[in-house]
Structures are given as structure tokens and as C-alpha cells.
Amino acid sequence: MLHVFPWGQYSVRLKVGPRVFSPTLLGTVLAAGMLAGLVSLGRWQLHRAAEKQVLFDEFAAGAGSNVELGSSTGPLQRYQHVSARGRYDPSAQLLIDNMVSNERAGYYVITPFELDSGEWFLVNRGWVPMGESRAVLPSIPSPEGEIGIRGRADLLPRPGIRMGTPAPLAPPFPVRANYPSLEAVHAVIGPRRWSTRTEVILLDAREPGGFVRDWAAPGFPPARHIAYAVQWFGLAAAMLVLYIIASLEKP
């Protein structure tokens, strides 16, 4: 049976069985703030799971059709599968630093690729391990002459948070860069008829002339974010239970 006692200036007393629920103002404010924060984090993780599901669906759908880059096509959807014929320019390659494969540090190899039409693309040819030190750059041979390539349209790697303004890139090549912007890459390579259809092409794993390639949609899978959301909601529920227990006292 529940009995309601008169309110104090900042408190309420509710008799619950043999005990009295008498929360303090400070405890209630702190609990409410923590509960709101934990629930907000859980909802944010659910939002991230929905965003990741879209990316993973787009990555899976990208293999369903192929676009020939030699034809007149507009902007490409991210992860759209493409093919092209042209030639690499190994004299102006970039090494994107701080890339990890199987817990080993290394670089992504970015090589300019010219179509017969004169249109230029950037091709991510995969991952190579770091040398004995950062002063020793890895060997990155490139196919010579006209070849055909197949891959996926994508963006250049991006950091979670970009701090400050990065220093301008400068030769000699291959230039080592830490999460460069597309504009910075185009600037260091020099004026060319750069394509605006995609930032970079991820070279397919079976294509020759590449390195380690295990492409997937970026970041954690949606299930990981859902698991994190469950943890945040669980913590919110536990905090609410502790708040109630802490607010119970003997009459």
C-alpha cells in the first residue's frame, strides 16, 4: 500500500511497504542528468547503426552493376563498381600514412591513372607495410603501358577528427601524407584534367598491379553499434535502480 507524506521544501516522501522513498534534491538532479546522458548515448549509437547499415548496403549493392569510365557518365555513387582502360603515372605517387592491416602499420598507395580520353583518376592500389623506419619508404612498382583496371568508386581516407591545418604536401615523390584532402593531393601532383566523378578508385583484389586489398565499408558493422546502444541503455537502467535503492530508508 502506498502512502503519500507531505512535501518538504525540496523533498518528497513516499511510503513503499516497510520503507520510505525519500530522494534528495541533489541526488535526483544528478541521477536525472546521468540518465539523460546515458539514454542519449544509446540513441546516438542506434543512429550510427542506421547510418552504417546504409553504407554496408551501398557497398553490397555496388557490386551489382559495372560502369565503364570511358563512357560519358556523371558523378558515381559511392562504392559503384567501375572499369577503365588507361595507364598509371608512377612518377607522382602518394603514400597515405597511418593505415593499419592485421595490426601492422603501413601505407595506402595512391597512383594517378589516365584514361585514353585524358581524364585522370586516383587509384588506391592497396596497403603496403612500413619499412624498417619512416625514413625508409617501401618499394612500390607499377604496371607499365596501357592496362585495364576494375574497382569501386570511393572517398579518400578521412580521420575521425581533423586537428588544425595540415602542412602543404611537397615532392619528392612518393609523397608521404597523413589523411590528405583531395585538393591537397591534386595540388601536389599538379594540374591535370582531374575527374570530378569520384575521389578515388579502390582497385579490386583480383586486379594485377596492386598490394594488400581487403576493402569493406568503413568502421564498425551496424551490429557493433547496436551492442554499444544496449550497453548504454543497460547502464541507464542500472543507474535508475541504484538511485531508487539509495533513496529508500527506514521510516
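Predicted model: local features only at pLDDT ≥ 70, side-chain atom pairs only at ≥ 80, totals over all residues.

**Stop 1: helix α3**

Select residues 222-246. This is helix α3, with 25 residues. At 1.5 Å a residue it should span 36 Å, and its end C-alpha atoms are 36 Å apart, so the two agree.

Now colour the buried residues of α3: Pro222, His225, Ala229, Ala236, Met239 and Tyr243. An α-helix has 3.6 residues a turn, so residues three or four places apart point the same way.

**Stop 2: a nonpolar patch**

Select Val39, Leu46, Ile226, Val230 and Phe233 and show their surface. Together they form a nonpolar patch with about 380 Å² of accessible area. Two elements, α1 (25-62) and α3, each give two or more residues to the patch. Which of them gives the largest share? It is α3, with 3 residues.

Stay on Val230, which is found in helix α3. Val230 counts as exposed because its relative accessibility is 54%, and the cut-off for exposed is over 50%.

**Stop 3**

Go to residues 81-88, strand β5. Is this strand largely enclosed or open? Of its 8 residues, 6 are buried, so the rest of the structure largely encloses β5.

- Strand β4 (residues 66-68) runs parallel to β5, joined by 3 bridges. Look for Asn66 opposite His81.
- Strand β9 (residues 147-154) is antiparallel to β5, over 6 bridges. Here His81 stands opposite Arg152.
- Strand β7 (residues 104-115) is also antiparallel to β5, with 3 bridges. Find Gly86 opposite Leu115.

**Stop 3: salt bridges around β5**

The whole structure holds 8 salt bridges. Begin with Glu146 and Arg85, whose closest N and O atoms are 3.2 Å apart. Glu146 sits in the loop between β8 (120-129) and β9, while Arg85 is in strand β5, 61 residues away. Both are partly exposed: Glu146 has a relative accessible area of 39%, and Arg85 has a relative accessibility of 45%.

Next, pick Arg87 and Asp116. Their salt bridge has its closest N and O atoms 3.3 Å apart. Arg87 lies in strand β5 and Asp116 in the loop between β7 and β8, so the pair ties together parts that are 29 residues apart in sequence. Arg87 is partly exposed at 30%, whereas Asp116 is exposed at 52%.

Show these four together. Arg85, Arg87, Asp116 and Glu146 are linked in a network of salt bridges.

Move on to Asp89 and Arg192. The closest N and O atoms of this salt bridge are 2.8 Å apart. Asp89 is in the loop between β5 and β6 (94-101), and Arg192 is in the loop between α2 and β11, 103 residues apart. Asp89 is buried at 14% relative accessibility, and Arg192 is partly exposed at 24%.

**Stop 4: Arg197**

Finish at Arg197, in the loop between α2 (182-189) and β11 (200-203). Is Arg197 buried or exposed? It is buried, with a relative accessible area of 9%.

Technical notes: Residues numbered from 1 in each chain as written. Heavy atoms only, no water. Helix = DSSP H or I, 4+ residues; strand = E, 2+ residues; numbered from the N terminus. Expected span 1.5 Å × (residues − 1). Buried < 20%, exposed > 50% of the residue type's maximum accessible area, 1.4 Å probe, protein only. Pairing = 2+ DSSP bridges. Patch = residues over 30% accessible without salt bridge, like charges linked within 9 Å, V, L, I, M, F, W, Y side chains within 5 Å. Areas by Shrake-Rupley, 256 points an atom, 1.4 Å probe, with all protein chains shown as cover. Salt bridge = Lys/Arg side-chain N within 4 Å of Asp/Glu carboxyl O.
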